[in-house]
Amino acid sequence: MMKNIFSMAMRKPLILLAALLLTGCSGSFLDRFKNMEKESVKAVENDFAFSGYTDHWQNVYSRQYRYGNLYRINIPDLEKSILQSKVDVAESLGIPGLQMQEGFVNGLVRVNYAILENPTVDQLKDAFNSTADILAFVERTSETGKMLSEKDPMKACSLHNYQSKAKDFSTLNAFVLQSEKKNLYVALGERSQLDMLKSIIKNTKEVVTNYDMKRGWFACESNIRTVTCAPCNPIDVMGMGMNEGNSWFVFNGYQEFNAHNQIVDWVNEANNVVIADLGSAPIYGCDDYDGLQVQMMGAPELWLKFREEKHGYLFHNMPNVKDINDQTPEAKYDGYYANIGQANQINHSDKPFVIRTGPTLGGLTNSMVLFNRKGDNFDRAKMWDAIMNRRAVAVAEKGVIMGSDQFRQAMQLLYLDRVYLEDYFGDRLQLNSRVEGKDLHITVSNLYSRQISGAITISLPKGVTMKGDALQKVQLTAGSTKELVLELTPSVEAMGSIHPIVVKFDGDNASKSTMASLDLAPVISEHQLLYGPASGFQFPVTVHNFTDNENVDVKISIASKDNPNKVLATDIKSAQIKKGTFATVIFDIKQASGSYIVTTEALGTKAQSQVGISDEAGEVALKEVDIDGDGVNEYVMENDQVRVTLLTTGARIIEYYLKSKDDNLFFKLWPEKPNDVDRPFREWGFYPYGGFEDFLGQASVETHKVYKAEVVKKGGSYAEVKMTADFYGSVIEKTFSLYGNTPLLGIRFALTMIHPEMNVLGPQPILSIGKTHGTEDKFIIPEVGGNQEYIMNPNKMWGKTLTLQEGWNAGYDTRENISFVGAYPVHRPYFLHMWMNLETNGDSHYPYTELQPWLPLYQNTTSYFSYYMWAAGSSWETGVKELRDRNLITER
């Protein structure tokens, strides 16, 4: 026995020693291996150039890049493309071969100068006795011309373009020679060229003397109030434009005109540092857009009528074929949309014109410059006055400039000069700002070749303070960049809104302004409408902490809806929440059946929810089954009245089947596929699964996403399934509940979004009630002013935005006596969007109706929304009453 004990005692140290030896050996062995560091490998580059005729004369200069042999991209050769644009502008001016030293016009427009025509050297000498600046137009073949040619700094254009191969091509060089404080501006060329340039310089000086230039973006777009995802809200767009020298904007995004008051308020909050207006193609500049239904307009006569009522302006594409009688309704429109392909027509038309800037992802290439009388106040009226009187130029890609000769030629000459425009609009001073979390980041870059000193002033919205001075002095050496990071502290009055922050740099010979958007979440975010069983349910509350105190108390109070001043129950929970972040607190509510108001309090703010509680009689069953055999289970919730089928793909209700009528009230294509399923980029367009689904982008980001499903309650008095998906950091959670032996079906949304472009959700039932969908189906909407009824037009798709007095909508098949009612919190959406679809839809070739509330999604918190529905083999009034009895109808 002792021998065994000794043996075991000796074995343990030996094992430990062996392990240490092995570890040491392994470590020393692996130490011999080193990371094979290699130099970073650049992409393979090739140049490509073409100058000649295809279907038009053109010059193309590009850089071709390859990486890993397979990745290939063509990018314009920037330097050569800019040089070519100058050649093209010179040709447009009627002076092919004009080469101008940058800064030539910049010097002329700022001084008084003497003009000499083909002077001798002695005449130049005598003239400098009385002036310090002379503009001399000199023929190249003259004696003076020959002498000046030797001093000409302009190099022959290195581009082998088609223009330079013309037999009559000759250059006209414009450059500056200096002697102490004397400046000799030389135009050296042929007589006809010199006369043309002289006229254009004269016109340009008159334009810059008599007018202020106002740069802007017409028909730019943002992501406000639309389910179509796009980068940048209007404040962001204006901030980007201001950094380029813009002083006005006309927004044109889909439904953007519905944000008219909000955008105007932002501009007022920013002390009217810019002008902002709105429109919706083809109409702009209206007094207001009340009553505009863009998906119902169509006929030009309707637009003309709206223009007369709202005092707006109508634009349309220039016709391809001239209407000699000029009798079309479009002929009564106010102006044209400019485009490069009709530049000559725009230049010589007498009608106003605009050029559309378009969405941010389109590059924001197009712009306009308006000419306002020197010294006159520039406002919205003056903006439209300049547009409608053709005191404007349109600037398109590659520096193509359109407009009347007076303003177009002046702007073309200034473009060749470069220096004047960059100084005028402060282009060599870059000023950008953004808000990240609780910090304002300001970046200022000096792209000049000289040092710049100045001060940055920051204008904060009401209710927001900042650590640090609102005046920051900066000094920037040539080519340098400085970044400021300043912590912001909002007060309770600023929360729950988006605000502009104006940043301005004022320095020696350089100034610039920009804007940043401060997107502040609501302090309290919760379901505004909720239903649950008397046996108990959860009530989530998300709190965004804007204070320095990280210990946050959250309190709920429950009162009867009939007697809201009498509190029946309270509960308080605490949470640790860092400043500028958010957390969710879960309360458990257990009350007798009835109608309640739940008041939530946190950080000095309150929010209210309308809550219905009832134990529904009857049983619900839930089962998992792979209906289509694709290996992904569907979830079927069923009672004696309805069968509800849930897909984890898109977390959608694909079937809301009313047993008494043998009818699925929703349009359903799944598990079939659309006949265009194999078209290119099919997943980028709306894909018609059917059912109850959401628009979050178009196509929706959810469309083909498979959610993770969790059965919360398998049956009994109710059944419940929760589905969750992560979208690269943004998390969407939906909880589906079927209650007792009733058709009452609910969806509760919880959306925590980190992608600001996903800022509007459009949850919707896609209704196809009865065996067919036609004019026998009517849709009832409780609009402000009373209930309104709508039916489809079998010959035309149409849509409408609706403002509700109560939070519900209904559909009713009058032939089969089947009804659907959906209920949701009336204050939560911007509006209800109704869409009547037909087979002619390019993405979805089926007849049905969408009833889609568009609701904002918030950043830096969790957004909540609930939707309850009732199907019946009876009138729609029955469904509304059943939902109202359960406290599920909210009122404005």
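**Contacts, Cores and Rings**

Student: Which residues is Leu 883 in contact with, leaving aside its neighbours within four places in sequence?

Tutor: Leu 744, Val 821, Ala 823, Tyr 868, Trp 870, Leu 888 and Ile 889. The model is predicted. Each of these counts as a contact because heavy atoms lie within 4.5 Å.

Student: Which residues touch the most other members of the largest nonpolar core?

Tutor: Ile 442, Ile 456, Trp 808, Tyr 868 and Leu 883, out of 68 residues in that core. A second, separate core has 55 residues, including Val 644, Leu 646, Tyr 656 and Val 721.

Student: What makes Tyr 211 and Phe 407 an aromatic pair, and why is the pair called edge-to-face?

Tutor: Take distance, then angle. The ring centres are 5.3 Å apart, and the cut-off is 6.5 Å, so the rings pair. The planes stand at 80°.

Student: How many aromatic pairs does a search of the whole structure find?

Tutor: The count is 39. One aromatic cluster is formed by Tyr 656, Phe 666, Phe 692, Phe 749, Phe 820, Tyr 824, Phe 865 and Tyr 867.

Student: How do you know that the charged end of Lys 351 sits over the ring of Tyr 336?

Tutor: The charged end is 5.4 Å from the ring centre.

Student: Why is Gly 690 called buried?

Tutor: Its relative accessible area is 0%, and the limit is under 20%, so Gly 690 is buried. Gly 690 is in the loop between strand 40 (663-664) and strand 41 (692-695). Beyond four places in sequence, Gly 690 touches Arg 652, Ile 653, Ile 654, Phe 667, Lys 668 and Ile 766.

Student: What makes Glu 702 buried, and which side chain does it join in a polar contact?

Tutor: Glu 702 has a relative accessible area of 2%, under the 20% limit, and is therefore buried. Its partner is Tyr 707: the side chains are joined at 2.6 Å. That is within 3.5 Å, so the distance test for a polar contact is passed. Glu 702 lies in the loop between strand 41 and strand 42 (708-713). Among the residues it touches are Gly 650, Asp 694, Phe 727 and Lys 734.

Student: Why is helix 7 described as mostly covered?

Tutor: Helix 7 spans residues 234-243, and eight of its 10 residues are buried. Among them are Pro 234, Ile 235, Met 238 and Asn 243. Asn 233 caps the N-terminal end, with a side-chain oxygen 2.9 Å from the backbone nitrogen of Ile 235. Gly 245, with a positive phi near 100°, follows the helix.

Key: Residues are numbered from 1 along each chain as its sequence is written. This is a predicted model: local features need pLDDT of at least 70, side-chain atom pairs count only at pLDDT 80 or more; totals for chains, interfaces and linings use all residues. Side-chain values use heavy atoms; hydrogens and water are left out. Rings of Phe, Tyr and Trp (its six-membered ring) pair if their centres lie within 6.5 Å; planes under 30 degrees apart count as stacked, over 60 as edge-to-face and the rest as tilted. A charge sits over a ring if NZ of Lys or CZ of Arg is within 6 Å of the ring centre and within 35 degrees of the ring normal. Helices (H or I, at least four residues) and strands (E, at least two) are DSSP runs, numbered from the N terminus. Buried means under 20% relative accessible area, exposed over 50%, partly exposed in between (1.4 Å probe, protein chains only). A polar contact is a pair of N or O atoms within 3.5 Å; within protein, one must be able to donate a hydrogen and the other to accept it, and residues adjacent in sequence count only if both atoms are side-chain atoms. A nonpolar core is a set of buried Ala, Val, Leu, Ile, Met, Phe, Trp, Tyr and Cys residues joined through side-chain atoms within 4.5 Å.
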